[in-house]
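Please consult the sequence and the structure shown here.

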Amino acid sequence: MPTAHSRRRRPPAPVPEEREFGRLELLLRLRRNPLTIWRTRHFREPIVAGEGLFGYGVVISDPDAVRHVLVENAANYRKDDLQRTILAPGLGEGLLTAEGEAWKRARRTLAPLFTPRSVAALAERMVAPAERTVARMLRRRSGRIVDISTDMTRMTYDILAETMFSNAIAGGADAFGKALTRYFETQGRIDPLDVLGAPTWLPRIGRWMARPAISFFEAQVKAIIAERQALHADAGWQPEKPDLLDALLAARDPETGTGLSEAEVGANIVTFIGAGHETTANALTWSLYLVSLAPDVRDALEAEIDAAGEDIAAAALSGERLSLTRAVIEEAMRLYPPVPSLSRTALADDVAAGHCVIPKGALVVISPYLLHRHETLWEAPDRFRPERFLPGAREIIPRYAYLPFGAGPRICIGLQFAMVEAVIVLAMLLRRLRFDYANEEAPMPTQRITLRPRDGMPMRVTERHSSR
């Protein structure tokens with residue numbers, strides 16, 4: 001008799017090959033979809049090292065070595081130049097791209113906004129934007145096919161606008177979403193000229209095509225800052241509750257007393273709007289798709305959500321009443337990590353975990369996509385099994401085998417915010433709606449900075465009548 005596991009279809013992913021790739025083919029694969037550069041050995045060997053396109057490189061999939069690089073000796077590793085080349089034009093020197101003292105100052109400034117108490121206070125404000133999305137979907141004809149990735153992007157933008165910016169960025173979801181998509185699809189592609197170390201004055205087609213999106217970001221951010229600065233200049237104005245924008249404008253260096261420059265404020269606004277809703281939207285999109293592949297999971301998930309009660313925010317914060325809902329999201333981020341690759345440059349010779357030799361100048365790659373599908377770390381790594389993350393099973397997963405939000409000093413500052421948001425949204429969607437994938441061809445994951453479905457996520461949305 002077939003088991004529940006065997007009835008679930010295998011989620012789509014590029015099939016790794018045994019053979020080595022020539023230089024030209026590797027460049028083309030990096031350009032089209034970097035996920036396709038990983039060969040079979042990368043999913044079987046804990047360390048793969050040698051000369052490559054970027055010079056000497058070390059690909060690490062050993063949890064102890066990962067801990068060493070990202071935590072124990074993090075000061076020896078800085079973000080590599082190619083990563084900064086891709087991110088900095090659109091995101092500026094924000095929390096994601098800054099280094100050294102600029103990064104430390106920004107991290108200290110923003111950390112109080114993301115404490116567990118702060119996230120709990122924000123959870124209730126996440127509900128209204130999610131309710132509006134559900135209501136909008138219910139107004140559509142039941143059974144209509146829509147690109148659910150677009151809906152998720154819009155909803156997470158609305159949640160960010162309401163919780164982090166007190167609606168200062170409200171109303172621009174569609175325009176900002178289109179600009180972000182353009183940026184990721186153009187600037188987010190690895191350019192062979194950058195890989196080969198060509199002079200910066202040589203034109204890059206991706207960078208040229210990304211200019212309209214970058215100009216849009218700059219104009220929007222200037223307007224947001226100017227409007228809030230005008231309010232701050234009014235002696236009689238007092239914010240009901242200071243938000244991320246207020247914190248950025250009020251930030252002062254404890255040593256010098258100076259504030260963040262307008263460029264630093266703007267860069268962090270774009271970083272949080274871009275990274276803060278794009279990654280969560282992708283996690284939700286993949287979650288809805290994976291649930292559609294697993295009828296047994298969907299049945300159990302709907303039962304859990306129906307039993308959770310009306311206060312979804314409280315249920316999400318409890319950590320118990322929506323444990324399967326959270327596990328589905330964590331398993332979706334295992335198979336399709338929002339940020340599939342982390343890379344660093346070694347500043348000095350090092351040895352990680354007693355056996356991984358890392359020479360000065362080496363490119364060190366830690367790929368959550370590889371880690372999360374590595375044959376030495378997971379049973380049936382390419383299968384959708386959310387039960388891995390249920391209480392009792394979650395605890396035995398090695399800490400540095402699962403990195404959906406990174407690790408160490410540069411771990412995602414908004415990880416608790418993102419997880420609570422994702423649980424609330426998924427529960428509210430599945431309480432009223434069902435989603436079924438509506439295309440013959442499976443959605444192929446494609447790396448464009450984040451991990452997106454290559455051609456969107458067409459899903460048939462129908463109203464669900466719960467048993468509550």
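## Strand pairing

Strand E9 (residues 433-437) pairs with E12 in the antiparallel sense, over 5 bridges. Within this pairing, Phe435 stands opposite Val461 in E12. Strand E12 (residues 458-463) also pairs with strand E4 (residues 144-147), in the antiparallel sense and over 4 bridges. Here Ile145 is the residue opposite Arg460 of E12. Two strands pair if DSSP finds at least two bridges between them; helices (H or I, at least four residues) and strands (E, at least two) are DSSP runs numbered from the N terminus.

The model is predicted: local features need pLDDT of at least 70, side-chain atom pairs count only at pLDDT 80 or more, and totals for chains, interfaces and linings use all residues. Residues are numbered from 1 along each chain as its sequence is written, and side-chain values use heavy atoms, with hydrogens and water left out.

## Aromatic pairs

A search of the whole structure finds 9 aromatic pairs. Rings of Phe, Tyr and Trp (its six-membered ring) pair if their centres lie within 6.5 Å; planes under 30 degrees apart count as stacked, over 60 as edge-to-face and the rest as tilted. Two of the pairs are tabulated below.

| Pair | Centre to centre | Angle between planes | Class |
|---|---|---|---|
| Phe114 and Phe417 | 6.3 Å | 80° | edge-to-face |
| Phe389 and Tyr402 | 4.8 Å | 45° | tilted |

Phe114 and Phe417 are both buried, a term for under 20% relative accessible area, with exposed over 50% and partly exposed in between (1.4 Å probe, protein chains only). Phe389 and Tyr402 are likewise buried.

## Charges over rings

The charged end of Arg29 sits over the ring of Phe21, 4.0 Å from the ring centre. For Arg334, the charged end sits over the ring of Trp378, 5.2 Å from its centre. The criterion is that NZ of Lys or CZ of Arg is within 6 Å of the ring centre and within 35 degrees of the ring normal.

## Asp151

Asp151 is part of helix H7 (residues 148-164). Is Asp151 buried or exposed? Asp151 counts as buried because its relative accessibility is 6%. Leaving aside residues up to four places away in sequence, Asp151 touches Met137, Arg140 and Val146, where contact means heavy atoms within 4.5 Å.
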